[in-house]
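Here are my notes on this one, as numbered points.

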Amino acid sequence: MFKKMGVLLLLLVLCIWTYWRTGGEDQNPYLITDYSRLHPVKVERVVQAEQEKQFVELLKDARENQLTVSIAGQRHSQGGHTYYQDGIVIDMTSYNRVLDIQPEAKKITVQAGATWADVQRAINPYGLSLKNMQSQNIFTVGGSISVNAHGRELRNGSLIQSVDSFRLLTADGQIREVSRTSNSELFPLALGGYGLFGLILDVTLALTEDELYRLNVDRTQAAAYPSYFRQNVLGDPNMRMHLARISLQPGEGYFSDMYALNYAIDTEASLQDYNKMSVREPGVLPAKILFNLNRGTVWGREWFWGLQQRYFEAQDGTRVSRNNAMASPSAFMEYHQPGNNDLLQEYFIPVDTFPAFVEEMGEIVSQEKLDLLNITVRYVEKDDEAVLSYATQDMFGLVCLFHASLSDEEQAKFKASLQKIIDLVIRMNGTYYLPYQAYATTEQFEQAYARQDEFFAAKELYDPEHTFMNYFMEQYGGNSK
């Protein structure tokens, strides 16, 4: 009897503890949010994508009932781009068929909900590869081109350069063929348009050859990084992919020590021996445990940096196919603890100003006591095409992973600290990436994105009722209807 009561009491305590621990809005199963968990809201309904006729009827219903429509893929954007309060959310993840592969023309057409992994699996047997994609292959094609993503590929810029054409359902209910020659005014608006110009139905992408690479790992310093990059990476025609990381380890190497991963064409072995697509990420659990130590303790961060270096140096000289190199691991970084989260920000800095920016950013991070877990550096070529282009010249993108509380009080402090970094970015003639939480002020946004007036004027032209709506539009482009 007493034993049973003890078990029941223990279960009751566990239930109360679980309720207390997960009682915040960021864990509420009746609200919708994205990966940030910063904007949990009630929506009118979530609709699973099925067919074009359904989309047209849904859009008509939304207009007649004055409802907004938002578009969601994997929901890894972090600024409320994929939903809006009391609106309709179209979940595109089930709209994921590969429609056509043209091996000789090196093109593929896929529905917008297909992931990059779906595309890679379809083209790998033909010895083909993507020209560019995000650094993980878990995201949807439609979502990635809507934020004009970039990756570790050196020679093909941001994703807009790889898009041949797409079909777009606009707010007036029309399905338009959009390319650089047809409805061309919509091409640079919808790509990097965050779902505000319509629903992308399917996309035709230009492809390239799959290749065999050998990985080269170097150590360098932030002060020497631009010259190192120009000479050893960009200046080597055999280099195809690159990324670097900056030390956040307290002490002498703080914001100065770096290591670089370079992928160069390897002609000494056969691609066929290495081109089987990886289907499972190895070592997720131990990597997750180690990354969690990096989140929580100073000594864990010190240990993590050294461990990273040793791990990657051990990979020096390994061979990998282009398709596998483009699909980097991501599962070990997943984080779902209530009340806190890992929040991404990305800053784009002109190549020559990188050393000065990194030095001053390190001072801000230290002074503001920001919990910065990781910085990955990638290169992106100048993009004159997208209206909201972040690559206003050849730039280094610094992808920064912060750990932060989700409470209103702590978020206000975090926002003020990040605005200091954004001020520095703007002073260095840089920009910041818009798919993440909008910590920038309206003035900072206007300074970083010179063509924003053109973007929002076009939005009013194509969607005056703001049928397609999300929190990015509310933050920077005016309130909902």
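1. Start with the buried residues of α11: Gln411, Phe414, Ser417, Leu418, Gln419, Ile421, Ile422, Leu424, Val425 and Ile426. Buried here means under 20% relative accessible area, exposed means over 50%, and partly exposed is in between (1.4 Å probe, protein chains only). Helices (H or I, at least four residues) and strands (E, at least two) are DSSP runs, numbered from the N terminus.

2. Before going on, a word on the ground rules. This is a predicted model, where local features need pLDDT of at least 70 and side-chain atom pairs count only at pLDDT 80 or more, while totals for chains, interfaces and linings use all residues. Residues are numbered from 1 along each chain as its sequence is written, and side-chain values use heavy atoms, with hydrogens and water left out.

3. What covers the buried residues of α11? The cover includes β14 (340-350), α10, β16 (395-405), β17 (431-432) and α12 (442-448). Just after α11, Asn429 takes a positive phi of about 60 degrees.

4. Now the core. The largest nonpolar core has 143 residues, and Tyr347, Phe357, Met361, Leu398 and Ile421 have the most contacts inside it. Helix α11 (residues 408-427) gives the most to this core, with 7 residues. By nonpolar core I mean a set of buried Ala, Val, Leu, Ile, Met, Phe, Trp, Tyr and Cys residues joined through side-chain atoms within 4.5 Å. Leaving aside neighbours within four places in sequence, Ile421 is in contact (heavy atoms within 4.5 Å) with Tyr347, Phe357, Met361, Ile364, Val365, Leu370 and Phe402.

5. Just after α10 comes Lys369, with a positive phi of about 55 degrees.

6. Which residue forms a salt bridge with Glu360? Arg427 does, the closest N and O atoms being 2.8 Å apart. A salt bridge is a side-chain nitrogen of Lys or Arg within 4 Å of a carboxyl oxygen of Asp or Glu. This pair links helix α10 to helix α11, 67 residues apart. Glu360 is partly exposed at 27% relative accessibility, whereas Arg427 is exposed at 52%.

7. A search of the whole structure finds 23 salt bridges. One of them joins Arg240 to Glu211, with closest N and O atoms 3.5 Å apart. Arg240 lies in strand β11 (residues 239-246) and Glu211 in the loop between β9 (199-209) and β10 (212-221), so the pair ties together parts that are 29 residues apart in sequence.

8. Last, Asn470. It lies in the loop between α13 (452-462) and α14 (471-477). Is Asn470 buried or exposed? Asn470 is buried, with a relative accessible area of 2%. A polar atom of the Asn470 side chain lies 2.8 Å from the backbone oxygen of Tyr194.

Terms used. A polar contact is a pair of N or O atoms within 3.5 Å; within protein, one must be able to donate a hydrogen and the other to accept it, and residues adjacent in sequence count only if both atoms are side-chain atoms.
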